[in-house]
Amino acid sequence: MAEAQQIHKPVPRPSPESASFWDGAKEKKLLLPRCENCGRFWFPPSQRCRHCLSADFTWREVSVEGRIYSFVVYHRVYHPGFEADVPYVVAIVELDEGPRLLANIVGSLPGDVRCDARVHVVFEERDGATIPQFALSR
Ligand SMILES: [Zn+2]
């Protein structure tokens, strides 16, 4: 009989465009690109502003709060690394600065999650990576 093998959850593989986002997460900060032309933030990161196509942007730390724009509850195991987590919540979180991120809602029961609920970021350490997740604010 084969030994039980620990199956790990996937970790992000930063691209040149997203490396600053993941480096910020390691320092427990949410960094997003902010356009120097139109002043808006966007996500996911890219080499040009998604609003005005300017290539002039800087990485800025943003608030760690937002609201749940939408969410789903996963009841099926789509990746064996998440088997112990089902049911769990995957949400689109709209930050107060505007951009929307896909993340898990952690620390509460799926039945307590609602659209428009206020959330704040929490950082999950996973196999050497730091992943921004969100928890309900009380
Ligand atoms: Zn812009």
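**Exercise 1. Find out in what sense β6 and β7 pair, and over how many bridges.**

Step 1: β6 and β7 run antiparallel to each other, paired over 8 bridges. Two strands count as paired if DSSP finds at least two bridges between them, and strands themselves are DSSP runs (E, at least two residues), numbered from the N terminus.

Step 2: For one of these bridges, look at Val 119, whose partner in β7 is Leu 136.

Step 3: Now check the turn. The hairpin has 2 residues between β6 and β7, and Asp 127 takes a positive phi near 50 degrees there.

Before going on: this is a predicted model, where local features need pLDDT of at least 70 and side-chain atom pairs count only at pLDDT 80 or more, while totals for chains, interfaces and linings use all residues. Residues are numbered from 1 along each chain as its sequence is written, and side-chain values use heavy atoms, with hydrogens and water left out.

**Exercise 2. Work out which residues of β7 point one way and which the other way.**

Step 1: In a regular strand, side chains alternate between the two faces of the sheet.

Step 2: Ala 129, Ile 131, Gln 133 and Ala 135 point one way from β7, and Thr 130, Pro 132, Phe 134 and Leu 136 point the other way.

Step 3: How covered is the strand? In β7 (residues 129-136), 8 of its 8 residues are buried, with buried meaning under 20% relative accessible area, exposed over 50% and partly exposed in between (1.4 Å probe, protein chains only).

**Exercise 3. Work out what the side chain of Arg 126 reaches.**

Step 1: Arg 126 is buried, at a relative accessible area of 10%.

Step 2: Its side chain gets to the backbone oxygen of Pro 10 at 2.7 Å. Arg 126 and Pro 10 are 116 residues apart in sequence, yet 8.6 Å apart in space, C-alpha to C-alpha.

Step 3: Leaving out residues up to four places away in sequence, Arg 126 touches several residues, including Phe 82, Ile 131 and Gln 133; contact here means heavy atoms within 4.5 Å.

**Exercise 4. Name the protein donors of the zinc ion.**

Step 1: Donors are N, O and S atoms within 2.8 Å of the metal (3.2 Å for Na, K and Ca); water is not among the atoms, so sites may look incomplete.

Step 2: The donor residues are spaced C-x2-C-x10-C-x2-C in sequence.

Step 3: Compare two of them: Cys 35 is buried at 1% relative accessible area, whereas Cys 52 is partly exposed at 30%.

Methods: A polar contact is a pair of N or O atoms within 3.5 Å; within protein, one must be able to donate a hydrogen and the other to accept it, and residues adjacent in sequence count only if both atoms are side-chain atoms. Helices (H or I, at least four residues) and strands (E, at least two) are DSSP runs, numbered from the N terminus.
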